[in-house]
Amino acid sequence: MQKLIAELMRLYLPADAPSADVLALHLLGQQNVPISLTGGDGQTRAMMIPFRKTKGLEGDAHWLRLCEVANTLQETLGLPAPAVSISGGDAYYLWLSLAEPVPADQAQTFLERLRDAYFPEIELDTDAVRAPIALPPCLHPRTGKWAAFIHPGMGASFADEPGLDVAPPPLGQAAFLEGLESIGKEQFEQVFQALEPAPQPVPAHVPMIAATQPPSVAPHAPMPGL
């Protein structure tokens, strides 16, 4: 259990995460503790991308979409391989780790820029980075199945029911995480800037606005981060 907690701290959890004793109870399924990936200082080192099963689509469509996105993040952007988990309910998750913490608002913008560029059909909460999550491994409160990190090669086998009937071994969970790397500071900044939306040009037929506004206001200036 100590090895698993150490890997979760290395990759995802803020410095003021719940104590090791509380985390152990959560990971053993003895109590469910929603955990935020953002610390009390407003900094975060991790992001999670959900891929939920959609009614009307093929049974493994959400798994195939996860694979496409994971491959794109690695091959197109050169990001390290993310962790993959099953929710115990109806979803898969990709987990991105940062080597150094960044403000939660910047991490949220980074996540939204990734979404807009590579998986626009995925819905993201406006506070996805700050909101408490069910950190795997843990018991899903509704289904009674276990959420867990998985080997990507096994992902398709969970398409119909992304959960385990029994608790996963802590050492096995740690093994899925120990070979993963975090996104470096410079790499994060490069990708963040590369995904910044280009300013939209003003259409030629739009008349100039008379100078009746305060000098500090720039008409048509793009809002930062949009």
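Predicted model: local features only at pLDDT ≥ 70, side-chain atom pairs only at ≥ 80, totals over all residues.

Reader: Which residues have the most contacts inside the largest nonpolar core?

Author: In soluble globular proteins, nonpolar side chains tend to be buried together. A nonpolar core is a set of buried Ala, Val, Leu, Ile, Met, Phe, Trp, Tyr and Cys residues joined through side-chain atoms within 4.5 Å; buried means under 20% relative accessible area, exposed over 50%, and partly exposed in between, with a 1.4 Å probe and protein chains only. Here the largest core has 34 residues, and Met 47, Ile 49, Phe 51, Leu 73, Tyr 92, Leu 94 and Leu 114 have the most contacts inside it. Two or more residues each come from strand 1 (43–52), helix 3 (61–75), strand 2, strand 3, helix 4 (104–118) and helix 6 (185–194). Helices (H or I, at least four residues) and strands (E, at least two) are DSSP runs, numbered from the N terminus. Another core, of 25 residues, lies apart from this one and includes Met 48 and Phe 149.

Reader: What does Ile 49 touch?

Author: Contact means heavy atoms within 4.5 Å. Not counting residues up to four places away in sequence, Ile 49 touches Leu 73, Tyr 92, Tyr 93, Leu 94, Leu 96, Leu 111 and Phe 119.

Reader: Where do the buried residues of helix 5 fall, seen down its axis?

Author: An α-helix has 3.6 residues a turn, so residues three or four places apart point the same way. In helix 5 (residues 170–178), the buried residues are Gln 173, Ala 174 and Leu 177. They fall within an arc of 100°, so they line one face of the helix; the arc is that of the directions from the helix axis to the C-beta atoms. Their cover includes helix 1 (2–11), strand 2 (83–86) and strand 5 (146–150).

Reader: Is His 62 buried or exposed?

Author: His 62, in helix 3, is buried, with a relative accessible area of 6%. By contrast, Arg 10 in helix 1 is partly exposed, at 33%. Arg 10 touches residues including Arg 45 and Leu 177. Arg 10 and Arg 45 are 35 residues apart in sequence and 9.5 Å apart in space, C-alpha to C-alpha.

Reader: How much space lies in the largest pocket, and how much in the largest cavity?

Author: Rolling a probe the size of a water molecule over the atoms shows where empty space is left. On a 1 Å grid over the protein atoms alone, a cavity is a set of points where a 1.4 Å probe fits but cannot get out, and a pocket is an open set with protein on both sides within 12 Å along at least five of seven lines; lining residues have an atom within 4 Å of a point. Grid points are joined across faces, edges and corners, and a volume is the space filled by probe spheres set on the points. The largest pocket holds about 480 Å³. Its lining has 26 residues, and Met 48, Pro 50, Arg 52, Tyr 93 and Ile 133 are the closest to its centre. Strand 1 gives the most to this lining, with five residues. The largest cavity holds about 60 Å³.

Note on methods: Residues numbered from 1 in each chain as written. Heavy atoms only, no water.
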